[in-house]
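Hi everyone, thanks for making time this morning. I'd like to walk you through one model, so please have a look at it while I talk.

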Amino acid sequence: MRAETQNTVAEIEKSLELLAQRMDYETAPHRLEEFNARVEDPNLWDSPDNAQKLMRERQLLVDAIETYESIKTDLNDNIELIELGEMEEDEEVVTDAEEAIRKLQAKAAKKELEALLDGEADGNDTFLEINSGAGGTESCDWASMLARMYVRWAEKKGYTVELQSETAGEEAGIKSAAYKISGHNAYGWLKSESGVHRLVRISPFDSAAKRHTSFSSVWVYPVVDDNIEIEVNPSEIRIDTYRSSGAGGQHVNTTDSAVRITHIPTGIVVTSSVKSQHQNRDIAMKALKSRLYQQELDRRNADINAAHEAKGDAGWGNQIRSYVLQPYQMVKDLRTNFETSDTKGVLDGDLDGFMAATLALNVAGKSRSEAQGEG
């Protein structure tokens with residue numbers, strides 16, 4: 001077997017090892033038997049919510065087992081084909097099997113990454129907020145670039161994107177925008193994007209063509225589904241209505257239909273301005289519940305909690321990622337050191353490499369914490 005193929009096989013085996021670890025493959029058949037026994041219980045659907053949860057958990061386990069065993073079988077079959085082709089000196093058989101293994105490596109890597117999305121709310125839809133920071137017009141333009149980047153990323157994933165609210169910049173771009181992004185694992189993917197994003201470029205707004213540094217913040221919160229109950233005391237919120245100040249044109253509201261909800265104990269403020277007042281109130285309340293739920297998740301996760309407490313202003317010293325367009329081209333994540341020179345690709349939504357690196361880092365940190373706890 002050629003050295004390149006041996007390396008590819010080793011990568012697939014590493015992915016298989018992680019997949020087995022994440023689902024605890026040794027106990028998986030026994031757990032599946034238990035699920036099957038509970039599914040056959042005639043009283044299961046007396047509680048529809050519990051029944052649906054059970055069915056989801058069972059299907060996740062079935063999918064995990066089938067994925068692992070399918071990849072492992074395909075790998076072994078193609079290794080055998082290579083060995084057979086080499087023995088019979090049939091180069092065509094060897095080449096076809098090597099190509100199949102390369103494709104299998106891509107599939108295994110994708111499944112390995114998906115296996116990292118096993119947090120409590122990772123499978124949920126998500127709210128994504130973008131706010132311009134230090135830098136005036138430059139930062140407003142940068143915020144609009146970030147909004148475009150995330151919309152492009154979501155569309156490539158096949159997700160649904162709904163604009164919740166938007167405030168235009170005075171000269172260009174946006175001061176803020178909020179989106180709801182819907183699709184399987186939307187929150188799990190995007191949660192790593194929370195933080196301050198820094199842009200360095202030659203300013204299109206500077207007649208002297210000087211290099212400028214701009215900052216904008218991105219914050220991500222899971223949409224609270226029907227299985228998660230978040231109580232909001234009416235006496236602890238303030239609801240204000242105001243006239244929308246969108247990007248202009250025929251869709252700008254001419255009545256005070258936009259809604260702002262302030263949660264007094266925490267200071268959390270959420271807005272919605274793209275629908276009727278009744279719809280905006282409903283959207284904003286859902287967003288508030290999601291923010292409160294995110295706080296609860298933060299309390300359970302020391303790493304995320306520390307990051308949120310330290311987020312500070314959208315300015316120097318608080319960034320998680322730098323996007324440098326001048327004097328060279330480089331996007332670098334300061335948490336994982338993952339970087340690429342394909343700045344155009346990143347700004348067009350090619351973010352999976354950054355997200356994967358952060359997911360892997362968080363899983364490694366969680367595993368170390370659990371090991372220390374056991375010790």
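I'll go from the overall picture to the helix packing, then to the core, and finish with a few backbone details.

One thing to keep in mind throughout is that this is a predicted model. The protein chain has 10 helices and 11 strands. Of its 375 residues, 42% count as buried. If you take the contacts between residues at least 6 apart in sequence, 63% of them join residues at least 24 apart.

Let's turn to the helices. Two packed helices are described by the angle between their axes and the distance between the axes. Start with α1, residues 3-23, and α3, residues 48-87. Their axes are 10 Å apart, and the packing angle is about 160°. Anything over 145 degrees counts as roughly antiparallel, so that is how α1 and α3 run relative to each other. The crossing of α1 over α3 is left-handed. And what does the contact of α1 with α3 consist of, in terms of nonpolar, polar and charged residues? We get 13 nonpolar, 1 polar and 2 charged. On the α1 side, the residues include Val9, Ile12, Leu16 and Met23, and they meet a set in α3 that includes Ile65, Tyr68, Leu75 and Ile82.

α1 has another partner in α4, residues 91-115. Here the axes come within 9 Å and cross at roughly 30°. That is under the 35 degrees that count as roughly parallel, so α1 and α4 are roughly parallel to each other. This crossing is left-handed too. The residues in contact divide into 9 nonpolar, 4 polar and 6 charged. Among them are Glu11, Ile12, Leu19 and Arg22 in α1, and Glu98, Arg102, Lys111 and Glu112 in α4.

Now to the core. The largest nonpolar core has 78 residues, and the members that touch the most others are Leu128, Tyr150 and Tyr323. Helix α3 supplies the largest share of this core, with 10 residues.

Last, the backbone. Most residues other than glycine have a negative phi, and most peptide bonds are trans. With that in mind, have a look at the bond between Gln326 and Pro327: it is cis, with omega about 5°. Pro327 sits in the loop between β9 and β10.

Then there are two positive phi values to check. Asp24, in the loop between α1 and α2, has a phi near 55°. Glu89, in the loop between α3 and α4, has a phi of about 55°. Are these residues partly exposed or exposed? Asp24 is partly exposed at 37% relative accessible area, while Glu89 counts as exposed at 74%.

That's my tour, and I'm happy to go back to any part of it.

Definitions and conventions: Residues numbered from 1 in each chain as written. Predicted model: local features only at pLDDT ≥ 70, side-chain atom pairs only at ≥ 80, totals over all residues. Heavy atoms only, no water. Core = buried A, V, L, I, M, F, W, Y, C linked by side-chain atoms within 4.5 Å. Buried < 20%, exposed > 50% of the residue type's maximum accessible area, 1.4 Å probe, protein only. Helix = DSSP H or I, 4+ residues; strand = E, 2+ residues; numbered from the N terminus. Axes fitted to C-alpha atoms, helices over the stretch in contact; angles between N-to-C directions. Parallel < 35°, antiparallel > 145°, perpendicular 65-115°, else oblique. Left-handed = near helix turned anticlockwise from the far one by under 90°. Contact = heavy atoms within 4.5 Å. Nonpolar A, V, L, I, M, F, W, Y, C, P; charged D, E, K, R; others polar.
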